[in-house]
Amino acid sequence: MYVGALELDILLGDVRSLKEKRAMVKPVLAELRRYGVSAAETGEQDRYRRSMLGVTMASSAVDHVHEVLDTCERHVAGLPELQLLAVRRRIFGPED
């Protein structure tokens, strides 16, 4: 079994409050979950223009993990209302 984790550091566009931030982040997380992953806001919860999103998945094939995480990363990078600042990816396999 392979487990993949993706950490996305994002800068939100024209956001002036935590309420506006939640209204922006919540649909992004819902869209990511359509790819069969678990997704949550995992950091920067007290800053209204920044967010850290965590995406994880498990699969029996490492290629499938890479493919799905690539799709999630491209999806977030393509959203015009936010800017992807950094991406960190980890893959854990049977030898770890």
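Leaving aside neighbours within four places in sequence, Arg-50 is in contact (heavy atoms within 4.5 Å) with Asp-9, Ile-10, Leu-11, Lys-21, Glu-44 and Leu-85. The model is predicted: local features need pLDDT of at least 70 and side-chain atom pairs count only at pLDDT 80 or more, while totals for chains, interfaces and linings use all residues. Residues are numbered from 1 along each chain as its sequence is written, and side-chain values use heavy atoms, with hydrogens and water left out.

Arg-50 lies in strand 3; helices (H or I, at least four residues) and strands (E, at least two) are DSSP runs, numbered from the N terminus. Arg-50 counts as buried because its relative accessibility is 19%, where buried means under 20% relative accessible area, exposed over 50% and partly exposed in between (1.4 Å probe, protein chains only). Its side chain makes a polar contact with the side chain of Asp-9 at 2.6 Å. A polar contact is a pair of N or O atoms within 3.5 Å; within protein, one must be able to donate a hydrogen and the other to accept it, and residues adjacent in sequence count only if both atoms are side-chain atoms.

Strand 3 as a whole is mostly covered, with eight of its ten residues buried. Strand 3 pairs with strand 1 in the antiparallel sense over ten bridges; pairing requires that DSSP finds at least two bridges between two strands. Within this pair, Tyr-2 stands opposite Ser-59. Strand 2 (residues 38-43) also runs antiparallel to strand 3, joined by five bridges, and Ser-38 has Thr-56 as its bridge partner. Six residues lie between strand 2 and strand 3 in their hairpin, where Glu-44 takes a positive phi near 60°.

The largest nonpolar core has 22 residues, and Leu-32, Leu-53 and Val-55 have the most contacts inside it. Such a core is a set of buried Ala, Val, Leu, Ile, Met, Phe, Trp, Tyr and Cys residues joined through side-chain atoms within 4.5 Å. Strand 1 (2-12), helix 1 (18-33), strand 3 (50-59) and helix 2 (62-77) each give two or more residues to this core. Not counting residues up to four places away in sequence, Leu-32 touches Val-37, Ala-39, Leu-53, Val-55, Cys-72, His-75 and Val-76.

Helix 2 has Val-65, Val-68, Leu-69, Cys-72, His-75 and Val-76 as its buried residues. They lie on the same side of helix 2 because they cover an arc of only 120° around the axis, taken from the directions from the helix axis to the C-beta atoms. Their cover includes strand 1, helix 1, strand 3 and strand 4 (82-92). The face turned away from the buried side carries the exposed residues Asp-63, Glu-67 and Arg-74.
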